[in-house]
Amino acid sequence: MLFGIKVRLSFMMFLEFFVWGSWYVTMGTFLGANLGATGTQIGAAFSTQSFGAIIAPFIIGLIADRYFNAEKILGILHLTGAALLFFCYSADSFVSFYPFIFMYMVLYMPTLALVNSISFRQMKDNTKEFAPIRVWGTVGWIAAGLAISYLFYWDSVDSMKDGLLKNTFLMASIASLALGVFSFTLPKTPPRADKSEKVKVSDLLGLDAIRLLKDRNFAVFFIASILICIPLAFYYQNANPFLAEIGVTDPTGKMTIGQISEAFFLLLLPFFFKRFGFKTTLLVGMMAWVVRYALFAVGDAGGGLWLLIVGIALHGICYDFFFVSGQIYTDSKAGPKFQSAAQGLITLATYGIGMLIGFGVAGFVTDLYLQSDGTHDWQSIWMIPSGIAILVVLFFLILFKDELKNIKPITKTIKT
């Protein structure tokens with residue numbers, strides 16, 4: 001790959017995740033503190049991600065794969081998204097905010113697949129060339145969090161009282177506008193699918209891979225993937241509001257530790273697979289959720305701050321050891337014929353169904369433990385996802401039969 005193309009693709013990834021990281025982490029805090037949203041309403045706002053994940057395959061399969069260049073669709077989606085994010089910035093109530101964030105996520109989620117497609121089409125060996133480009137997306141997410149806390153101070157106590165967190169949507173809008181314009185300079189990525197070929201819903205959603213559920217182990221993993229998304233939703237929805245409410249300084253900046261951890265533990269996956277096998281790797285990932293929320297329950301902004309930092313840093317194990325390794329496991333079980341369909345199915349199950357359920361539960365629980373003075377009983381709130389994670393661990397531990405012998409080709413895939 002030419003150096004110039006690599007630089008452009010890396011900048012594309014940086015902006016793609018800078019846009020998302022600019023508002024997603026602090027949205028719960030903003031909605032609760034500035035728009036007076038309830039826990040259920042905040043859960044509904046985060047659930048727009050799930051609806052976007054469900055709708056995204058139709059946009060990609062019906063439009064991007066058949067009629068228009070991927071880079072042009074990416075540009076149009078981000079230009080439109082910039083306007084929607086500006087309307088989110090201008091909203092003065094949850095009722096006026098929600099329709100715009102819903103429309104935005106329906107348009108944004110397909111862009112995650114588009115940036116990957118544009119990148120892969122320029123590569124000769126994506127197993128070696130993709131990671132150095134994709135890592136700039138993580139850098140973009142981290143940069144957004146650091147800017148909020150240490151450049152603009154929007155999540156400081158005084159700034160939040162003044163309603164400055166709404167500026168995160170303005171920052172995201174400007175970045176989305178920049179990416180929208182920049183997208184038209186990206187390498188041309190024309191569609192490859194046959195326009196005359198009949199489109200099937202089962203192809204778009206990956207439902208052809210549903211036959212994999214006949215395999216007991218995959219069925220257990222599939223169910224566990226949906227259930228573990230309930231604790232995951234608690235983190236996305238409540239972590240930033242929790243840290244801000246209990247008085248942790250620069251909460252958004254501190255949460256970038258999770259993304260740094262994610263990049264680090266991704267490098268350790270091959271060693272865990274080789275040494276312990278898939279089952280143990282997934283169990284470690286799920287147990288990390290149990291420990292993380294227990295730490296959140298007992299930590300505080302004073303002497304117990306280190307407990308919260310450790311809990312945030314566990315994000316790398318929580319996410320990589322379960323979700324990334326799960327994607328690799330799914331790929332190995334599917335075989336060449338159903339690889340794409342299987343990935344579509346597991347994405348629909350997790351980011352679609354699982355997260356939709358999770359955000360609903362998280363919103364309900366948050367409202368349940370709202371106290372009369374407007375604060376929350378966070379210890380009780382965090383023990384619930386910790387308990388759910390324990391149940392998922394037991395479910396997986398008892399019903400999943402270890403496949404250590406079958407993990408060898410997966411380990412080989414990671415190393416390349």
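User: Which residues have the most contacts inside the largest nonpolar core, and how many residues does that core have?

Analyst: The general idea is that, in soluble globular proteins, nonpolar side chains tend to be buried together. A nonpolar core is here a set of buried Ala, Val, Leu, Ile, Met, Phe, Trp, Tyr and Cys residues joined through side-chain atoms within 4.5 Å, where buried means under 20% relative accessible area, exposed means over 50%, and partly exposed lies in between (1.4 Å probe, protein chains only). In this structure the largest nonpolar core has 125 residues, and those with the most contacts inside it are Met12, Trp23, Leu31, Phe97, Phe169, Phe221 and Phe396. Helix H10 gives the most to this core, with 18 residues; helices (H or I, at least four residues) and strands (E, at least two) are DSSP runs, numbered from the N terminus.

Please keep in mind that this is a predicted model, in which local features need pLDDT of at least 70 and side-chain atom pairs count only at pLDDT 80 or more, whereas totals for chains, interfaces and linings use all residues. Residues are numbered from 1 along each chain as its sequence is written, and side-chain values use heavy atoms, with hydrogens and water left out.

User: With which residues is phenylalanine 97 in contact, leaving aside its neighbours within four places in sequence?

Analyst: Contact means heavy atoms within 4.5 Å. With those sequence neighbours left aside, phenylalanine 97 is in contact with Met27, Phe30, Leu31, Leu35, Cys88, Ala91 and Phe169.

User: How many cavities of 30 Å³ or more does a search of the whole structure find, and which residues line the largest cavity?

Analyst: Rolling a probe the size of a water molecule over the atoms shows where empty space is left. On a 1 Å grid over the protein atoms alone, a cavity is a set of points where a 1.4 Å probe fits but cannot get out, while a pocket is an open set with protein on both sides within 12 Å along at least five of seven lines, and lining residues have an atom within 4 Å of a point. Grid points are joined across faces, edges and corners, and a volume is the space filled by probe spheres set on the points.

The search finds two cavities of 30 Å³ or more. The largest cavity has a volume of about 80 Å³, and its lining consists of Phe221, Ser225, Phe322, Phe323, Gly326, Gln327, Ile346, Thr347, Thr350 and Tyr351. At least two residues of this lining come from each of H10, helix H14 (315-334) and H15. By class, the lining has five nonpolar, five polar and no charged residues, where Ala, Val, Leu, Ile, Met, Phe, Trp, Tyr, Cys and Pro count as nonpolar, Asp, Glu, Lys and Arg as charged, and the others, Gly among them, as polar.

User: Which residues line the second largest cavity?

Analyst: The second largest cavity, with a volume of about 40 Å³, is lined by Gly21, Val25, Trp141, Gly145, Thr252, Met255, Thr256 and Gln259. The elements that give two or more residues to this lining are helix H6 (126-151) and helix H11 (251-266), and the largest share, four residues, comes from H11. Its residues divide into three nonpolar, five polar and no charged.

User: Which residues are closest to the centre of the second largest pocket?

Analyst: The second largest pocket has a volume of about 410 Å³, and of the 23 residues that line it, the closest to its centre are Thr29, Gly32, Ala33, Glu245 and His376. Helices H2 (27-34), H3 (39-64), H7 (157-161), H10 (216-245) and H15 (339-368) each supply at least two residues of the lining, with the largest share, five residues, coming from H10. By class, the lining has nine nonpolar, eleven polar and three charged residues.

User: Where does tyrosine 153 lie, and what is the phi of aspartate 250?

Analyst: Most residues other than glycine have a negative phi, and most peptide bonds are trans. Tyrosine 153, in the loop between H6 and H7, has a positive phi near 60 degrees, and this residue is partly exposed, with a relative accessible area of 47%. Aspartate 250, in the loop between H10 and H11, has a positive phi near 50 degrees.

User: Is threonine 138 buried or exposed?

Analyst: Threonine 138, which is found in helix H6, is buried, with a relative accessible area of 14%. The side chain of threonine 138 makes a polar contact with the side chain of arginine 134 (3.4 Å); a polar contact is a pair of N or O atoms within 3.5 Å, of which, within protein, one must be able to donate a hydrogen and the other to accept it, and residues adjacent in sequence count only if both atoms are side-chain atoms.
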